[in-house]
Amino acid sequence: MLILILGLLLWSGAHLWKRLAPAQRAAIGPKGRGLATAGILAGLVLMILGYRMADGAFVWGRHPATVGLNNLLTLFAVYLFAASGMKTAITARIRHPQLTAVKAWAVAHLLVNGDVPSFVLFGGLLAWAVVEVILINRQTPWTRPTGPFPARKEIMALVGTVIVYGAIVAVHYLLGYPTFG
């Protein structure tokens with residue numbers, strides 16, 4: 001569990017560095033971005049390894065209803081990432097589509113994974129995303145995108161969502177985590 005927690009702290013710290021210590025981050029210059037990226041990647045590796053190795057109490061299991069909610073929330077999360085990249089109309093309604101996607105994804109996974117390592121991983125990432133949104137909102141004003149939002153980009157975001165979601169489902173099945181039952 002320690003490796004999982006260390007990975008989560010490294011991931012969060014590297015992401016929050018710019019928000020919590022902007023002067024120190026800026027003083028390092030372009031190398032700071034490389035350090036942050038290295039910290040994020042190292043944190044990701046540690047979270048994956050730590051989660052796979054972690055053992056903890058089991059509180060609840062999967063239920064058909066929670067599996068369905070998980071799949072819908074995950075599909076929505078993938079769409080938010082695609083919409084963010086394509087600058088679709090939803091980006092004029094949601095200030096932080098990628099962080100909202102992380103929150104939806106984390107809640108989805110908490111619904112179907114009722115064990116302590118999952119609470120640490122998905123709950124920790126949910127907490128990080130909430131803190132990140134609060135800090136960004138306090139530090140920078142939002143200029144709401146006004147468009148235009150071409151239908152072509154909306155369609156591309158939807159097609160991309162289906163492709164990426166399909167790949168995610170395939171990887172989950174390959175790893176032994178059935179997503180639909």
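Colleague: Which residues form a nonpolar patch on the surface?

Modeller: This is a predicted model. The patch has about 370 Å² of accessible area together. Its members are I3, V45, L49 and M53.

Colleague: Which helix gives the most to the nonpolar patch?

Modeller: One patch member, M53, has its place in helix 3. Three residues of the patch come from that helix. The answer is helix 3, residues 30-53.

Colleague: Is M53 buried or exposed?

Modeller: Exposed means over 50% relative accessible area. M53 has 57%, so M53 counts as exposed.

Colleague: What span does helix 7 reach from its first C-alpha to its last?

Modeller: Helix 7 covers residues 151-174, which is 24 residues. At 1.5 Å a residue, 34 Å is expected. The model comes close to that, at 35 Å.

Colleague: Which helix is included in what covers the buried residues of helix 7?

Modeller: Start with the buried residues of helix 7: E154, A157, T161, Y165 and V169. Their cover includes a helix at 64-86. That is helix 4.

Colleague: Which residue just after helix 7 takes a positive phi?

Modeller: Helix 7 runs over residues 151-174. Just after it, phi is about 90 degrees at one residue. That residue is G176.

Colleague: D115 is buried yet has no salt bridge; how far away is the nearest side chain of opposite charge?

Modeller: D115 sits in strand 2, residues 114-115. Leaving out residues up to four places away in sequence, D115 touches Y51, A57, F58 and V59. A salt bridge needs the charged atoms within 4 Å. The nearest side chain of opposite charge is R62, at 10 Å.

Note on methods: Residues are numbered from 1 along each chain as its sequence is written. This is a predicted model: local features need pLDDT of at least 70, side-chain atom pairs count only at pLDDT 80 or more; totals for chains, interfaces and linings use all residues. Side-chain values use heavy atoms; hydrogens and water are left out. Patches are made of residues with over 30% relative accessible area and no salt bridge: like charges are joined within 9 Å, nonpolar side chains (Val, Leu, Ile, Met, Phe, Trp, Tyr) within 5 Å. Accessible areas come from the Shrake-Rupley method with a 1.4 Å probe; for residues, only the protein chains shown count as cover. Helices (H or I, at least four residues) and strands (E, at least two) are DSSP runs, numbered from the N terminus. Buried means under 20% relative accessible area, exposed over 50%, partly exposed in between (1.4 Å probe, protein chains only). The expected span of a helix is 1.5 Å times one less than its number of residues. Contact means heavy atoms within 4.5 Å. Lys and Arg count as positive and Asp and Glu as negative; His and the chain ends are not counted.
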